[in-house]
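Dear colleague,

Please find the structure below, which I am handing over to you for your further work.

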Amino acid sequence: LVGSEMCIRDRHDDDLTGGAGMDRFLYYEGHGTDTIRDATEEDRIEIYNIDTGNVVDALQNATEVDGNMVIDFGNGDSLILVGVNDAEMDLLDFRF
């Protein structure tokens, strides 16, 4: 999927790349492991139907694996942000 606005809508493991400018990546509970290949501070990552406490814990406990940030929400739900490190993670716009 490619574009300037991105929706994650199915329950499969998705591999996503946004377009030029601001992108919106939407993630819903039960969507498995989705990979965002080009998350930048311009983009917004919106997380739905996952308990706010779980989202906060997952963001605080995200781990860097092979140069990518892995955010594990539990129950098989996670996001992989390719090429994002700890410092860059703080610049990303998460909404939930």
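**Salt bridges**

The count of salt bridges in this structure comes to four. Please bear in mind throughout that the model is a predicted one.

One of these salt bridges is formed by Asp15 and Arg37, whose closest N and O atoms are 2.6 Å apart. Asp15 lies in strand E1 (residues 15–16) and Arg37 in the loop between strand E3 (33–36) and E4, so this pair ties together parts that are 22 residues apart in sequence.

Arg44, in contrast, counts as partly exposed at 22% relative accessibility.

Asp93 and Arg95 form another salt bridge, in which the closest N and O atoms are 3.0 Å apart. Asp93 is partly exposed, with a relative accessible area of 25%, and Arg95 counts as partly exposed at 40%. Through salt bridges that share partners, Arg24, Arg44 and Glu46 are joined into one network.

**The parallel sheet**

Three strands make up an open sheet, arranged in the order E2-E4-E8 with parallel pairing. Its edge strands are E2 (24–28) and E8 (93–95), each of which pairs on one side only. From one strand to the next, the twist averages 20°.

Strands E4 and E8 run parallel and are joined by three bridges. Across this pairing, Arg44 stands opposite Asp93 in E8.

**Aromatic pairs**

The structure holds two aromatic pairs. In one of them, the ring centres of Tyr28 and Tyr48 are 5.0 Å apart and the ring planes lie at 20°, so the pair is stacked. This pair links distant parts of the chain, since Tyr28 belongs to strand E2 and Tyr48 to strand E4, 20 residues apart. Tyr28 counts as partly exposed at 21% relative accessibility, and Tyr48 is partly exposed as well, with a relative accessible area of 31%.

Most residues other than glycine have a negative phi.

Asn49 has a positive phi of about 65°, although it is not a glycine. Its place is in the loop between strand E4 (44–48) and helix H1 (52–60). Asn49 is exposed, with a relative accessible area of 57%.

Asn75 likewise has a positive phi, of about 55°, and is not a glycine either. Asn75 is found in the loop between strand E6 (68–74) and strand E7 (77–81). With a relative accessible area of 77%, Asn75 is exposed.

With kind regards

Definitions and conventions:
Residues are numbered from 1 along each chain as its sequence is written. This is a predicted model: local features need pLDDT of at least 70, side-chain atom pairs count only at pLDDT 80 or more; totals for chains, interfaces and linings use all residues. Side-chain values use heavy atoms; hydrogens and water are left out. Helices (H or I, at least four residues) and strands (E, at least two) are DSSP runs, numbered from the N terminus. Buried means under 20% relative accessible area, exposed over 50%, partly exposed in between (1.4 Å probe, protein chains only). Two strands pair if DSSP finds at least two bridges between them. Axes are lines fitted to C-alpha atoms, for helices over the stretch in contact, and angles run from 0 to 180 degrees between N-to-C directions. Rings of Phe, Tyr and Trp (its six-membered ring) pair if their centres lie within 6.5 Å; planes under 30 degrees apart count as stacked, over 60 as edge-to-face and the rest as tilted. A salt bridge is a side-chain nitrogen of Lys or Arg within 4 Å of a carboxyl oxygen of Asp or Glu.
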